[in-house]
Amino acid sequence: MAVRVIAAMSGGVDSAVAAALAVEEGHEVTGVHLALSPDRQTLRSGARGCCSVEDAHDARRVADELGIPFYVWDLAERFREDVVEDFVAEYAAGRTPNPCLRCNERIKFAAVLDRARALGFDAVVTGHHARLADGELRRSVDAAKDQSYVLGVLTAGQLAGALFPLGSMTKDRVRAIAAERGFAVATKPDSHDICFISDGDTRGWLTRRLGEQPGPVVDVATGETVGTHAGAYGFTVGQRRGLGVSTGDQRPRYVLGIEPVTRTVTVGTAEQAAVDEVLTGRPTWTGPEPELPFTAQVQLRAHGAAVACRVTGSADGGLRIALAEPQRGVAPGQSAVLYAPDVERGDQVLGQGPVLRAGERSAAVVR
Amino acid sequence: MTYLDHAATTPMLPAALAAMTEQLARVGNASSLHASGREARRVAEQSREGLAAALGARPSEVLFTGGGTEGDNLAVKGLYWARRGAEDRRRRVVASPAEHHAVLDSVEWLEKHDGAEVTWLRVGETGRITPESLADSLGDGRDVAVASVMWANNEIGAVSDLAALAEVAHAVGVPLHTDAVQAIGQLPVDFAASGVDALTMTGHKLGGPMGAGALLLRRDAECTPLLHGGGQERDVRSGTLDVAAIVGLAVAAQAAVADRAERAARIAALRDRLIAGVLERVPDAQLNGPALDDVVAGGPGRLPGNAHLSFPGAEGDLLLMLLDARGIECSTGSACSAGVARPSHVLLAAGAPPARARSSLRFSFGHTSTDADVDAVLEVIAPVVERARRAGTTTR
């Protein structure tokens, strides 16, 4: 069924092909490039940064070839409030945010989709690698490129206004389609890292935003200070590299927790870092709310592996997720995205809950 | 399709297209000494004479350029360099903040890179620059290199009295440049009578080709070149003459000036009907710029083809998009190179609040405009504004 859609076009190859496929599908497509950065650079530098003038030009070139209208929407202010400031505040509170997930939740499938609907469009089409059919969100066939994790926060209402034409093809196929259509972006490098941190140095960027906030690194077993740091925001639970601690036993240490008020980073051994229960805040669901308890798989960070789990409710309306195998790197602020495994049609995203902390069962494991 | 963006560019006049096409088929560099060169030169010089006559200038005062942006850059920078070179105390540049970016950015470039001090003129709420405002900013003029005030504003259509302004500038020994890109063909423009020292015009706003324009430069005005080379155009603008473009420009300008009075009256009537109809359908819409019957120096105080309206609560870029989807082409005013809509710097300079500046649309009429164009807008404007208002509330 042909519908009126907004194609969100970043200037990259994925969104270009998604827009092209939507046109070929017979939809009435209008291309929109989102200007999200307040100080836009003229030229793109490598695989980093976003929405430079050059990216807008690349997107416009594709739209012109497709013969569709094209506009730039300036959402820099919304993006700053909802994504960038949220990112800073989360780190300041000792958590590890995922800005791509936040952007999908609040910008692409909120600000953009709401505006599109108000303007008389039915949906927003993007180049995300995920499958969406009959309201069911599933992993991409290209496991390496799968982006279902950062879409896991979308609700049924948001998914009803989304089209992901790329979920059933590999990235190589996407590039081949772009090349077949003569798009100049066919060989454009994939973008990596956080789009608003153009040099890729997240710690340096946070230091500029939050200032140096030195504090102790404490070993969980002894309670002793084993090192110092310049800012707890430079750490993520589960992190092993760059801790700069010296302990007698030469065993690697991992970040177990971050306490923002005293700026204390707690570290421990691999065994101590393992968690087998996760507590989340209030969940969101991609479809009808599942009946608790249920068994599923859970992915605890972007590009993390999924593990089997059993999901029950917690007293305060969140989720208690018991993991079949202990996991390291369960960082507050990330999303615990729940999947119903399905080898044939792709694992289905059920919903997610924002990770609050490890549960009591884990504490027992640690000791 | 309803094309109401003639201030951006207007269709070529058939006579200009024919003359240009004919010339494109001929060989000949106007600087060459042989027969082909002489023939090319004859066409170029006839064009120069025709253009000069249409604009009240002498042929030797016509310097062909690559268009309005080049003319503005050449005049502002060239007059500044020449005046400052002659007298080093002349570092001040006086300009209107409502100028086109070709002037604004040239002035700012001089400030940033070449030691200029900028004095921005006070702009009235209609967008006009008064002789009093210019006199205040010039002071005794001893430290001023050049002043620049546009003849008619490209966004809100405000016309200034250039003859009065030139008198003020000359009284304190300051040369005056005017960007008359929008004025020619819509208003009576006589270079000699205006007294200005330099005047920028371009072809594609009046039915000629893009990339062809002229700077009218008084014979006694010293202007340092931007382009050095073969010494064409009084040694002020080197480069092989684009004879085909020049003949297209001259034919179009002569026709536009000859038909001006009749066409101006016709498009002003269309414009007036559009504005009345819009205000009837969207009662809280606001007209920006001078009143429709405004008079300055005995002539129209507003470009006859210009309608500029704000629609409170509706974003200009969404209005444009919704109208575009309905086959109606207009403009929001300034856009940066990436296409991000910015509040109109002209409205801000004229003292409008940013919200009003962001919610504006320009409809501009030209020689191909008809009553059907007005009808098309009036048919959709109310629902379009309503829809844009609803969409605006989703992201603010």
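This is a predicted model: local features need pLDDT of at least 70, side-chain atom pairs count only at pLDDT 80 or more; totals for chains, interfaces and linings use all residues.
Author: Two residues are in contact if their C-beta atoms, placed from the backbone, lie within 7 Å. Residues are numbered from 1 along each chain as its sequence is written, with chains lettered from A and ligands numbered from 1 in the order in which they are written.

Reader: How far apart are the end C-alpha atoms of helix α2 of chain B?

Author: Helices (H or I, at least four residues) and strands (E, at least two) are DSSP runs, numbered from the N terminus. The expected span is 1.5 Å times one less than the number of residues. For the 21 residues of α2(B), 35–55, that should give 30 Å, and the end C-alpha atoms agree, at 30 Å.

Reader: Within what arc do the buried residues of α2(B) fall?

Author: A residue is buried if 20 or more other C-beta atoms lie within 10 Å of its own, exposed if 12 or fewer, and partly exposed in between. Those buried in α2(B) include B:Ala40, B:Val43, B:Ala44, B:Ser47 and B:Leu51. They line one face of the helix, because the arc (of directions from the helix axis to the C-beta atoms) is 165°.

Reader: Which residues are exposed on the other side of α2(B)?

Author: The buried residues are covered by elements including α1 (14–24), β2 (62–65) and α8 (243–258) of chain B. On the other side, the exposed residues are B:Ala35 and B:Arg38.
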